[in-house]
Amino acid sequence: DQQIPYHDPKAVELWFKVMKSFKPDVIDYLGDQDDQACYSRWTEGRSQEFINIYKQEGAEHLLPYIQAEAKGARELYEQTRKIAKNAELFVALGNHDVRVFDYVDKKLNEISKEVTPNSLWGLDDLGYDYIYYGDKPRLRYGGLYAHHGVAISKHAGESVKADMDSFGVSIIRGHSHRLATTHKTYDIRNEVLRGYELGHMSDIASSGMSYTNIHNWAQGFAYGYIDGDEAHISLVEIKPDYTCVVDGKKFSV
């Protein structure tokens with residue numbers, strides 16, 4: 001959850017620094033890389049709504065402006081590919097990412113076919129696989145499914161637990177901006193489901209995060225190792241001084 005342009009640049013810089021050192025074989029983004037606030041129901045009818053910003057333009061001229069709104073997230077995806085030239089890349093688009101598709105379909109239907117994950121962010125051209133927010137979680141590796149997340153709670157760990165219960169699988173997700181891990185054991189069938197909430201990389205002082213004044217969130221991300229049918233996941237907290245520890249190595253910006 002970078003929520004670009006309401007992201008925290010230093011947190012993202014730290015993430016890229018870790019990525020360069022860790023050299024992952026697979027990188028998954030779990031949604032809300034792009035905030036898309038101007039297409040939100042929260043801006044509808046207000047000066048910040050996309051149509052009101054560009055009301056002098058006809059629909060046929062709006063595609064470049066739509067692409068300009070997506071520029072920051074596109075640069076994140078491009079930088080990731082630049083660093084990880086041979087990595088497998090995956091995105092589980094979040095509810096914020098898909099705002100633009102719902103908005104264009106409703107209000108600018110004549111150009112809706114031109115507004116795609118590739119025209120906005122270059123996902124196909126850059127070699128990303130992806131699912132939409134309304135899709136079911138995608139099985140990734142080690143029995144772990146990936147999604148942006150559906151349930152939401154103000155308590156860390158409860159959101160992912162609800163999604164585990166709903167989908168009946170181990171799942172890794174974003175959405176809540178909280179950092180947590182939870183396990184649910186089914187003793188009779190000798191099964192343990194695991195759930196991970198991955199925190200965020202937004203700037204809580206930005207205007208885009210002012211919809212609440214209770215930011216009991218945690219900046220962070222996760223890394224892991226895949227061993228056959230098992231995924232070994234570690235959550236990483238980004239400290240207020242923009243440091244973190246991965247595999248025993250301290251990173252800072």
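Which side chains meet in a salt bridge at 2.8 Å, N to O? I found R173 and D163. For my tally, a salt bridge is a side-chain nitrogen of Lys or Arg within 4 Å of a carboxyl oxygen of Asp or Glu. This pair links distant parts of the chain, with R173 in strand β6 (residues 170–173) and D163 in helix α7 (residues 158–167), ten residues apart. I take helices (H or I, at least four residues) and strands (E, at least two) as DSSP runs, numbered from the N terminus.

I am working on a predicted model, where local features need pLDDT of at least 70, side-chain atom pairs count only at pLDDT 80 or more, and totals for chains, interfaces and linings use all residues. Residues are numbered from 1 along each chain as its sequence is written, and side-chain values use heavy atoms, leaving out hydrogens and water.

Next I looked up burial. Both R173 and D163 are buried, meaning under 20% relative accessible area, with exposed over 50% and partly exposed in between (1.4 Å probe, protein chains only).

Then I moved to helix α4 (residues 71–83), which holds K71 and E75, four residues apart, about one turn of the helix. Their side chains form a salt bridge at 2.4 Å, N to O. I noted E75 as partly exposed, at 39% relative accessibility.

R74 bridges to E78 as well, with the closest N and O atoms 3.2 Å apart. These two are also four residues apart in helix α4, so about one helical turn separates them. R74 is partly exposed at 27%, and E78 is partly exposed at 35%.

Last entry: I found E44, E49, K106 and K107 linked in a network of salt bridges. My count comes to 14 salt bridges.
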